[in-house]
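This report describes the strands, helices and some backbone details of one structure. Please look over the sequence and the model before reading on.

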Amino acid sequence: MTRQQFDELTAKGVVILDGATGSNLRKAGMPVGVSSEQWVIENPSVLQELQRAYVDAGSQIVYAPTFAANTISLRNFNLQDKVQELNTKLVKISKDGIGGRALVAGDLTTTGQLMEPRGVLTYTELYEAYKEQLKALIDAGVDLIVAETMLSVDETVVALDALQAVSNIPMICTLSLEADGSAMYGGNAVEAVLTLQEMGAAAVGLNCSVGPDQLESVVANMKEVATVPVIAKPNAGMPFVDDKGEAHYDMNADDFAKHTKRLVEVGAGIVGGCCGTTPEYILKLAKVLGR
């Protein structure tokens with residue numbers, strides 16, 4: 001997909017993304033503490049069934065399950081030498097599962113390590129990790145790239161830098177923002193839009209953190225300065241943990257759809273769901289948007 005094709009898609013109307021992956025994989029039996037990337041390769045039908053359900057519900061873009069398939073994060077599971085292999089297999093699983101009925105985004109995220117000066121991770125180390133993963137994703141045939149659940153503007157800039165070294169494929173960027181618009185480790189909603197669209201991001205926004213009912217002002221503020229589409233991919237409300245240590249979310253599908261429609265009304269042009277959402281949430285969202 002070219003940037004022009006992406007711009008043409010978003011110009012036609014609101015684009016609907018998929019919902020959560022990780023929380024649904026856990027409900028389907030994925031244990032805590034394993035590499036989700038490796039687990040999906042061993043259990044591909046679970047992911048494919050989920051993504052087919054998202055497409056049936058109205059998702060136009062699904063995220064390949066390559067979330068943490070970078071060399072830094074994979075060290076936690078002694079899989080750091082399998083970046084190319086994992087990304088290649090995971091993209092194929094998604095593409096085979098949906099059969100061309102939606103676009104497949106290559107997914108990357110924060111490494112969990114802080115960049116200097118907050119931490120010890122250098123720009124070069126992060127750049128090379130993202131570059132390696134991005135090259136693998138592009139070689140595997142993704143339609144676009146998404147950098148999601150990013151914790152600072154700075155690390156998102158590194159991802160954009162790395163992409164520009166290997167391809168001109170569109171990248172959309174979402175940070176995990178609080179209800180006041182601040183990022184955990186640097187920057188805020190407005191700064192994110194201004195910086196990342198200038199760096200070449202095809203769309204900028206937020207995902208995770210909180211529910212859609214807490215994000216109206218954040219999305220509206222982003223829209224005021226945006227020259228690219230604004231993305232909103234919130235959680236199904238706020239989480240609570242049961243006595244077994246499992247997270248549950250307090251917003252049902254109807255309320256999620258209603259509040260996310262409000263985010264569209266104040267400026268979001270690309271919407272979906274994050275933690276706690278299921279295909280039912282995307283179906284209800286598509287319906288309130290008139291799809």
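## Terms and basis

Contact means heavy atoms within 4.5 Å. Helices (H or I, at least four residues) and strands (E, at least two) are DSSP runs, numbered from the N terminus.

The model is predicted: local features need pLDDT of at least 70, side-chain atom pairs count only at pLDDT 80 or more, and totals for chains, interfaces and linings use all residues. Residues are numbered from 1 along each chain as its sequence is written, and side-chain values use heavy atoms, with hydrogens and water left out.

## The sheet

Eight strands form an open sheet in the order E1-E10-E7-E6-E5-E4-E3-E2, with parallel pairing. Two strands pair if DSSP finds at least two bridges between them. Strand E1 (15–16) and strand E2 (61–63) are the edge strands, each pairing on one side only.

Helix H8 packs on this sheet and touches E3, E4 and E5. The direction of H8 makes about 165 degrees with that of E5. Axes are lines fitted to C-alpha atoms, for helices over the stretch in contact, and angles run from 0 to 180 degrees between N-to-C directions.

Buried means under 20% relative accessible area, exposed over 50%, and partly exposed in between (1.4 Å probe, protein chains only).

E4 pairs with strand E3 (residues 103–109) in the parallel sense over five bridges. Gly106 has Ile145 in E4 as its bridge partner. Between E3 and E4 the chain crosses through helix H7 (residues 123–139), a β-α-β crossover that is right-handed. A crossover is right-handed if, with the strands pointing away from the viewer, the path from the first strand over the helix to the second runs clockwise. E4 also pairs with strand E5 (residues 171–175), in the parallel sense and over four bridges. Val146 stands opposite Ile172 in E5, and Met150 stands opposite Leu175 in E5.

Five of the five residues of E5 are buried, so E5 is largely enclosed by the rest of the structure.

E5 pairs with strand E6 (residues 203–207) in the parallel sense over four bridges. Val204 in E6 is the bridge partner of Cys173. From E5 the chain passes through helix H9 (residues 189–198) to E6, and this β-α-β crossover is right-handed.

## Helices H9 and H10

H9 and helix H10 (residues 216–225) pack at an angle of about 35 degrees, with their axes 8 Å apart. Ala189, Val190, Val193, Leu194 and Gln197 in H9 meet Val218, Asn221, Met222 and Val225 in H10. The residues of this contact divide into seven nonpolar, two polar and no charged. Ala, Val, Leu, Ile, Met, Phe, Trp, Tyr, Cys and Pro count as nonpolar, Asp, Glu, Lys and Arg as charged, and the others, Gly among them, as polar.

## Backbone details

Which peptide bond is cis, with omega near 5 degrees? The bond from Glu116 to Pro117 is cis, and Pro117 is found in the loop between E3 and H7.

Asn78 is not a glycine but has a positive phi of about 60 degrees. Asn78 lies in the loop between helix H5 (71–74) and helix H6 (83–98), and its relative accessibility of 61% makes it count as exposed. Thr149, also not a glycine, has a positive phi of about 55 degrees. Thr149 lies in strand E4 and, at 15% relative accessibility, counts as buried.
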